[in-house]
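Okay, everyone, thanks for coming. Please have a look at the protein on the screen, and then I'll walk you through a few parts of it.

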Amino acid sequence: MTTGYPGLRALTAGLLLAGLAGCSSYMPYAGPRVGPVENVSHNKTLRGIQLVKVDYALAHQIRTRADTPQLNLLRDFSNPNPRLYTVGPGDTLQVYIWEAPPAMLFASAGAANSTTGSGSVMTSIPEQMVGSNGDIIIPFAGKISCAGKTLDDIGAEIRARLKNMAHDPQVVVRLVSNHAQSISVVGNVRKSTQVPLIPGGVSVLQALAAAGGVDKPVNKVTIQLSHQGKVLQLPLEDVIRHPEENVSLRAGDVITALYQPLHVTVMGATTQTKEIDFEASGISLAQALARAGGLNGNEADAKAVFVFRLEKPDFLTNWPEPLQTNAEGEVPVVFRFDFSNPATLFAAQEFPIQNKDLIYVASAPITDLQKFLGLIVQIVYPIQGLSTAGIVK
(Lines give C-alpha, C1' and ligand atoms only; values in the text may rest on other atoms or scores of the structure.)
Protein backbone atom coordinates (compact mmCIF):
# COMPACT_ATOMS: atom_id res chain seq x y z
CA MET A 1 0.00 0.00 0.00
CA THR A 2 1.34 3.43 -0.93
CA THR A 3 1.65 5.65 2.09
CA GLY A 4 3.23 8.66 0.32
CA TYR A 5 6.21 10.72 1.27
CA PRO A 6 6.07 11.14 5.06
CA GLY A 7 7.31 14.75 5.05
CA LEU A 8 5.07 15.98 2.24
CA ARG A 9 2.50 17.60 4.48
CA ALA A 10 5.20 19.18 6.62
CA LEU A 11 7.01 20.46 3.51
CA THR A 12 3.82 21.90 2.06
CA ALA A 13 2.84 23.52 5.33
CA GLY A 14 6.30 24.95 5.81
CA LEU A 15 6.46 26.40 2.30
CA LEU A 16 2.96 27.82 2.62
CA LEU A 17 3.64 29.52 5.94
CA ALA A 18 6.97 30.92 4.76
CA GLY A 19 5.44 32.14 1.54
CA LEU A 20 2.46 33.81 3.22
CA ALA A 21 4.78 35.49 5.69
CA GLY A 22 7.15 36.91 3.11
CA CYS A 23 5.67 36.56 -0.36
CA SER A 24 5.48 40.30 -0.85
CA SER A 25 9.23 40.56 -0.49
CA TYR A 26 10.24 38.20 -3.25
CA MET A 27 7.26 37.37 -5.47
CA PRO A 28 7.67 38.88 -8.97
CA TYR A 29 5.31 41.56 -10.27
CA ALA A 30 5.24 43.93 -13.22
CA GLY A 31 6.06 47.19 -11.46
CA PRO A 32 5.17 49.48 -8.55
CA ARG A 33 1.89 48.96 -6.75
CA VAL A 34 -0.54 51.73 -6.02
CA GLY A 35 0.97 52.56 -2.62
CA PRO A 36 4.42 53.76 -3.73
CA VAL A 37 2.93 55.75 -6.59
CA GLU A 38 0.39 57.47 -4.35
CA ASN A 39 3.08 58.41 -1.84
CA VAL A 40 5.27 60.33 -4.30
CA SER A 41 4.93 63.53 -2.27
CA HIS A 42 6.29 61.79 0.87
CA ASN A 43 9.11 59.91 -0.81
CA LYS A 44 12.29 61.97 -0.89
CA THR A 45 13.60 60.21 -3.99
CA LEU A 46 10.37 61.02 -5.86
CA ARG A 47 10.02 64.64 -4.77
CA GLY A 48 8.77 66.96 -7.49
CA ILE A 49 6.52 64.42 -9.22
CA GLN A 50 2.93 65.63 -9.39
CA LEU A 51 0.17 63.08 -8.70
CA VAL A 52 -3.06 64.23 -10.33
CA LYS A 53 -6.30 62.31 -9.83
CA VAL A 54 -8.38 62.57 -12.98
CA ASP A 55 -12.15 62.78 -13.17
CA TYR A 56 -14.37 63.62 -16.13
CA ALA A 57 -14.27 67.39 -15.54
CA LEU A 58 -10.47 67.48 -15.46
CA ALA A 59 -10.16 65.17 -18.48
CA HIS A 60 -12.49 67.44 -20.46
CA GLN A 61 -10.52 70.51 -19.33
CA ILE A 62 -7.25 68.92 -20.42
CA ARG A 63 -8.66 68.04 -23.84
CA THR A 64 -10.01 71.56 -24.29
CA ARG A 65 -6.71 73.14 -23.25
CA ALA A 66 -4.88 70.88 -25.69
CA ASP A 67 -7.12 71.85 -28.61
CA THR A 68 -7.60 75.58 -28.00
CA PRO A 69 -3.98 76.74 -28.51
CA GLN A 70 -3.95 75.13 -31.96
CA LEU A 71 -7.00 77.10 -33.04
CA ASN A 72 -5.57 80.34 -31.63
CA LEU A 73 -2.23 79.81 -33.36
CA LEU A 74 -3.97 79.21 -36.68
CA ARG A 75 -4.88 82.90 -36.78
CA ASP A 76 -1.16 83.75 -36.87
CA PHE A 77 -0.63 81.45 -39.87
CA SER A 78 -3.69 82.41 -41.91
CA ASN A 79 -3.38 84.97 -44.71
CA PRO A 80 -5.81 87.72 -43.68
CA ASN A 81 -6.39 88.82 -47.29
CA PRO A 82 -5.65 85.96 -49.71
CA ARG A 83 -7.13 87.84 -52.69
CA LEU A 84 -4.60 90.62 -52.30
CA TYR A 85 -1.51 89.76 -54.36
CA THR A 86 1.43 92.13 -54.46
CA VAL A 87 4.02 91.99 -57.22
CA GLY A 88 7.71 91.47 -56.51
CA PRO A 89 11.04 91.15 -58.36
CA GLY A 90 11.09 88.12 -60.64
CA ASP A 91 7.38 88.23 -61.51
CA THR A 92 6.49 88.42 -65.21
CA LEU A 93 3.72 90.85 -66.21
CA GLN A 94 1.65 91.36 -69.36
CA VAL A 95 0.19 94.82 -69.97
CA TYR A 96 -2.79 95.52 -72.29
CA ILE A 97 -3.72 99.09 -73.26
CA TRP A 98 -6.93 100.21 -75.00
CA GLU A 99 -7.18 103.56 -76.80
CA ALA A 100 -10.24 105.24 -78.25
CA PRO A 101 -10.10 107.15 -81.56
CA PRO A 102 -9.19 109.60 -82.89
CA ALA A 103 -5.86 109.89 -81.00
CA MET A 104 -3.99 106.58 -81.28
CA LEU A 105 -0.70 106.86 -79.39
CA PHE A 106 0.41 103.25 -79.63
CA ALA A 107 -1.18 102.61 -83.06
CA SER A 108 0.77 105.50 -84.55
CA ALA A 109 3.93 104.12 -82.99
CA GLY A 110 3.53 100.86 -84.93
CA ALA A 111 3.05 98.65 -81.85
CA ALA A 112 1.37 95.25 -82.11
CA ASN A 113 -2.34 95.97 -81.75
CA SER A 114 -5.85 94.91 -82.74
CA THR A 115 -9.09 96.79 -83.35
CA THR A 116 -12.24 96.00 -81.37
CA GLY A 117 -15.83 96.25 -82.62
CA SER A 118 -16.26 99.68 -81.01
CA GLY A 119 -13.34 101.07 -82.96
CA SER A 120 -10.96 101.24 -80.02
CA VAL A 121 -7.49 99.78 -80.43
CA MET A 122 -5.95 97.27 -78.00
CA THR A 123 -2.16 97.17 -77.74
CA SER A 124 -0.33 94.29 -76.11
CA ILE A 125 2.95 95.26 -74.49
CA PRO A 126 5.52 92.41 -74.59
CA GLU A 127 5.85 90.45 -71.35
CA GLN A 128 8.25 92.00 -68.89
CA MET A 129 9.95 90.59 -65.82
CA VAL A 130 9.98 92.86 -62.80
CA GLY A 131 13.63 93.75 -62.23
CA SER A 132 15.61 93.52 -59.03
CA ASN A 133 14.80 97.20 -58.47
CA GLY A 134 11.09 96.37 -58.66
CA ASP A 135 10.40 98.28 -61.90
CA ILE A 136 9.18 97.66 -65.45
CA ILE A 137 9.28 100.05 -68.42
CA ILE A 138 6.19 100.94 -70.48
CA PRO A 139 6.53 102.91 -73.72
CA PHE A 140 5.51 106.58 -73.27
CA ALA A 141 4.81 105.94 -69.56
CA GLY A 142 8.42 105.31 -68.59
CA LYS A 143 9.60 103.44 -65.53
CA ILE A 144 6.75 102.00 -63.44
CA SER A 145 7.42 100.92 -59.87
CA CYS A 146 5.73 97.53 -59.25
CA ALA A 147 7.24 96.02 -56.10
CA GLY A 148 4.72 95.72 -53.29
CA LYS A 149 1.81 96.87 -55.47
CA THR A 150 -1.26 95.01 -56.67
CA LEU A 151 -2.01 94.48 -60.37
CA ASP A 152 -4.78 97.08 -60.16
CA ASP A 153 -2.40 99.61 -58.58
CA ILE A 154 0.12 99.11 -61.40
CA GLY A 155 -2.59 99.46 -64.06
CA ALA A 156 -3.87 102.66 -62.44
CA GLU A 157 -0.39 104.20 -62.43
CA ILE A 158 0.20 103.36 -66.10
CA ARG A 159 -3.18 104.86 -67.02
CA ALA A 160 -2.39 108.06 -65.08
CA ARG A 161 0.91 108.41 -66.96
CA LEU A 162 -0.79 107.96 -70.38
CA LYS A 163 -3.91 110.01 -69.70
CA ASN A 164 -2.59 113.23 -71.18
CA MET A 165 -1.04 111.49 -74.19
CA ALA A 166 -3.67 108.96 -75.30
CA HIS A 167 -7.43 109.34 -75.67
CA ASP A 168 -9.23 107.75 -72.68
CA PRO A 169 -6.69 104.93 -72.18
CA GLN A 170 -7.72 101.78 -70.32
CA VAL A 171 -5.08 99.49 -68.85
CA VAL A 172 -5.18 95.86 -67.70
CA VAL A 173 -2.17 94.17 -66.07
CA ARG A 174 -1.97 90.37 -65.96
CA LEU A 175 0.35 88.18 -63.90
CA VAL A 176 1.99 85.75 -66.34
CA SER A 177 4.30 83.94 -63.93
CA ASN A 178 5.09 84.27 -60.27
CA HIS A 179 8.62 83.87 -59.00
CA ALA A 180 8.63 86.46 -56.23
CA GLN A 181 6.07 84.94 -53.86
CA SER A 182 5.85 81.22 -53.35
CA ILE A 183 5.27 78.50 -50.76
CA SER A 184 7.73 75.65 -50.19
CA VAL A 185 6.33 72.14 -49.78
CA VAL A 186 8.78 69.50 -48.52
CA GLY A 187 8.90 66.31 -46.46
CA ASN A 188 6.85 63.19 -47.11
CA VAL A 189 5.27 64.41 -50.34
CA ARG A 190 5.56 62.84 -53.77
CA LYS A 191 7.49 65.80 -55.12
CA SER A 192 8.98 68.67 -53.13
CA THR A 193 8.11 71.87 -54.91
CA GLN A 194 7.69 75.62 -54.84
CA VAL A 195 4.03 76.57 -55.20
CA PRO A 196 3.51 80.08 -56.63
CA LEU A 197 1.21 82.30 -54.62
CA ILE A 198 -1.57 83.50 -56.88
CA PRO A 199 -4.34 86.10 -56.58
CA GLY A 200 -7.08 84.37 -54.61
CA GLY A 201 -4.63 82.59 -52.34
CA VAL A 202 -3.28 79.07 -51.89
CA SER A 203 -4.56 76.88 -49.04
CA VAL A 204 -2.70 74.12 -47.21
CA LEU A 205 -4.46 71.35 -49.15
CA GLN A 206 -3.95 73.14 -52.47
CA ALA A 207 -0.22 73.38 -51.78
CA LEU A 208 -0.05 69.67 -50.88
CA ALA A 209 -1.99 68.78 -54.03
CA ALA A 210 0.50 70.77 -56.12
CA ALA A 211 3.25 68.61 -54.59
CA GLY A 212 1.44 65.43 -55.62
CA GLY A 213 0.00 64.72 -52.18
CA VAL A 214 1.62 62.84 -49.29
CA ASP A 215 3.37 59.51 -49.83
CA LYS A 216 2.34 57.99 -46.48
CA PRO A 217 -1.05 57.08 -44.98
CA VAL A 218 -3.02 60.25 -44.31
CA ASN A 219 -3.79 59.31 -40.70
CA LYS A 220 -0.07 58.98 -39.93
CA VAL A 221 1.02 62.36 -41.34
CA THR A 222 1.44 65.60 -39.42
CA ILE A 223 1.55 68.91 -41.29
CA GLN A 224 4.03 71.46 -39.96
CA LEU A 225 3.50 75.09 -40.93
CA SER A 226 6.45 77.48 -40.63
CA HIS A 227 5.94 81.23 -40.90
CA GLN A 228 8.47 83.90 -39.88
CA GLY A 229 10.04 81.77 -37.16
CA LYS A 230 6.74 80.40 -35.83
CA VAL A 231 5.91 76.70 -36.12
CA LEU A 232 2.56 74.93 -35.86
CA GLN A 233 1.81 71.22 -36.27
CA LEU A 234 -1.58 69.85 -37.30
CA PRO A 235 -2.68 66.29 -38.09
CA LEU A 236 -3.43 66.07 -41.81
CA GLU A 237 -6.69 64.27 -41.01
CA ASP A 238 -7.82 67.30 -38.99
CA VAL A 239 -6.99 69.68 -41.84
CA ILE A 240 -9.10 67.55 -44.18
CA ARG A 241 -12.03 67.22 -41.77
CA HIS A 242 -12.14 70.81 -40.49
CA PRO A 243 -12.23 73.53 -43.19
CA GLU A 244 -11.19 76.21 -40.69
CA GLU A 245 -7.80 74.50 -40.37
CA ASN A 246 -7.22 74.55 -44.15
CA VAL A 247 -5.87 78.10 -43.92
CA SER A 248 -4.73 80.28 -46.80
CA LEU A 249 -0.95 80.66 -46.81
CA ARG A 250 1.40 83.59 -47.27
CA ALA A 251 4.55 84.14 -49.29
CA GLY A 252 7.59 82.47 -47.77
CA ASP A 253 5.61 79.90 -45.77
CA VAL A 254 7.01 76.37 -45.57
CA ILE A 255 4.81 73.27 -45.37
CA THR A 256 6.51 70.11 -44.15
CA ALA A 257 4.66 66.78 -44.32
CA LEU A 258 6.01 64.68 -41.44
CA TYR A 259 5.60 60.94 -41.17
CA GLN A 260 6.16 60.53 -37.45
CA PRO A 261 4.52 57.41 -36.02
CA LEU A 262 3.36 58.38 -32.55
CA HIS A 263 3.47 55.76 -29.85
CA VAL A 264 2.44 55.06 -26.27
CA THR A 265 3.84 52.32 -24.04
CA VAL A 266 1.37 50.19 -22.06
CA MET A 267 2.76 48.16 -19.15
CA GLY A 268 1.68 46.35 -16.02
CA ALA A 269 -1.45 44.29 -15.43
CA THR A 270 -2.89 44.53 -18.92
CA THR A 271 -3.66 41.72 -21.34
CA GLN A 272 -0.63 42.74 -23.39
CA THR A 273 2.47 44.76 -22.58
CA LYS A 274 3.26 46.57 -25.77
CA GLU A 275 4.14 49.78 -27.56
CA ILE A 276 1.15 51.06 -29.52
CA ASP A 277 1.41 53.29 -32.58
CA PHE A 278 -1.46 55.72 -32.99
CA GLU A 279 -2.76 58.22 -35.51
CA ALA A 280 -1.56 61.81 -35.80
CA SER A 281 -5.05 62.95 -34.81
CA GLY A 282 -4.50 61.26 -31.44
CA ILE A 283 -6.25 58.69 -29.26
CA SER A 284 -7.80 58.66 -25.82
CA LEU A 285 -6.74 56.63 -22.79
CA ALA A 286 -9.70 54.31 -23.33
CA GLN A 287 -8.62 53.60 -26.92
CA ALA A 288 -5.00 52.95 -25.89
CA LEU A 289 -6.04 50.45 -23.20
CA ALA A 290 -8.39 48.73 -25.65
CA ARG A 291 -5.55 48.29 -28.16
CA ALA A 292 -3.53 46.60 -25.42
CA GLY A 293 -6.37 44.17 -24.79
CA GLY A 294 -7.73 46.00 -21.77
CA LEU A 295 -7.03 45.42 -18.08
CA ASN A 296 -6.14 41.88 -16.98
CA GLY A 297 -9.16 40.91 -14.90
CA ASN A 298 -7.15 38.40 -12.85
CA GLU A 299 -4.32 40.76 -11.91
CA ALA A 300 -5.18 44.44 -12.40
CA ASP A 301 -6.00 46.87 -9.63
CA ALA A 302 -8.83 48.78 -11.31
CA LYS A 303 -8.30 51.67 -8.88
CA ALA A 304 -4.70 52.15 -9.99
CA VAL A 305 -4.33 53.04 -13.67
CA PHE A 306 -1.63 55.64 -14.24
CA VAL A 307 -0.37 57.79 -17.11
CA PHE A 308 3.22 59.04 -16.76
CA ARG A 309 4.15 62.18 -18.67
CA LEU A 310 6.36 65.27 -18.75
CA GLU A 311 4.22 68.40 -19.07
CA LYS A 312 4.69 72.13 -19.41
CA PRO A 313 4.22 74.19 -16.22
CA ASP A 314 1.21 76.00 -17.71
CA PHE A 315 -0.56 72.74 -18.57
CA LEU A 316 -2.75 73.02 -15.46
CA THR A 317 -3.70 76.18 -13.61
CA ASN A 318 -3.58 74.49 -10.19
CA TRP A 319 -1.08 71.77 -9.33
CA PRO A 320 -1.64 69.51 -6.29
CA GLU A 321 1.84 70.06 -4.80
CA PRO A 322 4.37 72.93 -4.91
CA LEU A 323 5.54 72.99 -8.51
CA GLN A 324 9.04 71.85 -9.41
CA THR A 325 10.50 71.46 -12.89
CA ASN A 326 13.34 69.38 -14.27
CA ALA A 327 16.39 70.68 -16.14
CA GLU A 328 14.31 71.03 -19.34
CA GLY A 329 11.67 73.12 -17.56
CA GLU A 330 9.08 70.32 -17.59
CA VAL A 331 6.95 68.92 -14.79
CA PRO A 332 6.95 65.14 -14.15
CA VAL A 333 3.28 64.18 -13.81
CA VAL A 334 1.45 60.98 -12.87
CA PHE A 335 -2.25 60.99 -13.78
CA ARG A 336 -4.28 58.48 -11.77
CA PHE A 337 -7.57 56.90 -12.88
CA ASP A 338 -9.91 54.87 -10.68
CA PHE A 339 -11.68 52.47 -13.03
CA SER A 340 -13.74 51.02 -10.19
CA ASN A 341 -15.78 54.23 -10.51
CA PRO A 342 -18.03 53.98 -13.62
CA ALA A 343 -17.73 57.73 -14.20
CA THR A 344 -14.01 57.25 -14.86
CA LEU A 345 -14.87 55.43 -18.09
CA PHE A 346 -16.16 58.73 -19.47
CA ALA A 347 -13.00 60.48 -18.28
CA ALA A 348 -10.86 57.85 -20.05
CA GLN A 349 -12.72 58.53 -23.29
CA GLU A 350 -11.95 62.25 -22.99
CA PHE A 351 -8.36 62.11 -21.72
CA PRO A 352 -5.94 62.65 -24.68
CA ILE A 353 -2.84 60.49 -24.90
CA GLN A 354 0.35 62.19 -26.05
CA ASN A 355 3.37 60.85 -27.90
CA LYS A 356 5.76 58.88 -25.63
CA ASP A 357 3.29 58.61 -22.76
CA LEU A 358 3.59 55.57 -20.49
CA ILE A 359 0.41 53.89 -19.27
CA TYR A 360 0.88 51.64 -16.26
CA VAL A 361 -1.74 49.41 -14.59
CA ALA A 362 -0.78 48.32 -11.07
CA SER A 363 -1.29 44.75 -9.88
CA ALA A 364 -3.76 44.02 -7.13
CA PRO A 365 -2.09 42.73 -3.89
CA ILE A 366 -4.05 39.46 -4.11
CA THR A 367 -2.11 38.50 -7.23
CA ASP A 368 1.03 37.85 -5.14
CA LEU A 369 -0.84 35.17 -3.19
CA GLN A 370 -2.13 33.67 -6.41
CA LYS A 371 1.38 33.51 -7.86
CA PHE A 372 2.69 31.88 -4.69
CA LEU A 373 -0.03 29.24 -4.61
CA GLY A 374 0.78 28.49 -8.24
CA LEU A 375 4.39 27.94 -7.23
CA ILE A 376 3.28 25.54 -4.47
CA VAL A 377 1.20 23.56 -6.97
CA GLN A 378 4.20 23.18 -9.27
CA ILE A 379 6.28 21.85 -6.36
CA VAL A 380 3.68 19.56 -4.78
CA TYR A 381 2.05 17.84 -7.72
CA PRO A 382 5.23 16.38 -9.27
CA ILE A 383 6.05 14.84 -5.84
CA GLN A 384 2.54 13.43 -5.54
CA GLY A 385 2.86 12.03 -9.03
CA LEU A 386 6.04 10.20 -8.10
CA SER A 387 4.42 8.86 -4.93
CA THR A 388 1.37 7.63 -6.78
CA ALA A 389 3.58 5.83 -9.27
CA GLY A 390 5.05 3.83 -6.40
CA ILE A 391 8.53 5.22 -6.72
CA VAL A 392 8.29 6.82 -3.32
CA LYS A 393 6.75 4.48 -0.76
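Helices (H or I, at least four residues) and strands (E, at least two) are themselves DSSP runs, numbered from the N terminus.

A word on where this comes from: it's a predicted model, local features need pLDDT of at least 70, side-chain atom pairs count only at pLDDT 80 or more, and totals for chains, interfaces and linings use all residues. Residues are numbered from 1 along each chain as its sequence is written, and side-chain values use heavy atoms, with hydrogens and water left out.

Now the hairpin of strand 5 and strand 6. Strand 5, residues 135-138, pairs with strand 6, residues 142-145, in the antiparallel sense over four bridges. Asp135 sits opposite Ser145 in strand 6. There are three residues between the strands, and in this hairpin Phe140 takes a positive phi near 70°. Why mention that? Because most residues other than glycine have a negative phi.

Gln228 isn't a glycine either, and its phi is positive, about 50°. You'll find Gln228 in the loop between strand 10 (221-227) and strand 11 (230-235). Lys356, also not a glycine, has a positive phi of about 75°, and Lys356 lies in the loop between helix 9 (343-350) and strand 17 (358-363).

Gln228 is exposed, with a relative accessible area of 73%, and Lys356 counts as exposed at 64%.

Let's zoom out for a second. The protein has 10 helices and 17 strands. It has 393 residues, and 41% of them count as buried. Contact means heavy atoms within 4.5 Å. Of the contacts with a separation of 6 or more, 66% are accounted for by residues 24 or more positions apart.

Glu321 has its place in the loop between strand 15 (300-311) and strand 16 (331-337). Glu321 and Gly48 are 273 residues apart along the chain, yet their C-alpha atoms are separated by 8.1 Å. Glu321 is partly exposed, with a relative accessible area of 37%.

Let's walk across part of it. Strand 8, residues 182-187, pairs with strand 9 in the antiparallel sense over four bridges; in strand 9, Pro196 is the bridge partner of Ser182. Strands 8 and 9 form a hairpin with five residues between them. On to strand 12: strand 8 pairs with strand 12 in the parallel sense, over four bridges, and Gly187 stands opposite Ala257 in strand 12. Then strand 10 and strand 12 (residues 254-259) go back to the antiparallel sense, over six bridges, with Thr222 facing its bridge partner Leu258 in strand 12.

Now the inside. A nonpolar core is a set of buried Ala, Val, Leu, Ile, Met, Phe, Trp, Tyr and Cys residues joined through side-chain atoms within 4.5 Å. The largest one here has 46 residues, and those with the most contacts inside it include Leu93, Val95, Ile138 and Ile158. Helix 5, residues 151-162, gives the most to this core, with four residues. Leaving aside neighbours within four places in sequence, Ile158 is in contact with Val95, Ile138, Ile144, Val171 and Val173. Apart from that core lies another, of 33 residues, among them Val52, Leu262, Ala269 and Phe351.

Last stop: helix 9. Which of its residues are buried? Thr344, Ala347, Ala348 and Glu350.

Note on methods: Buried < 20%, exposed > 50% of the residue type's maximum accessible area, 1.4 Å probe, protein only. Pairing = 2+ DSSP bridges.
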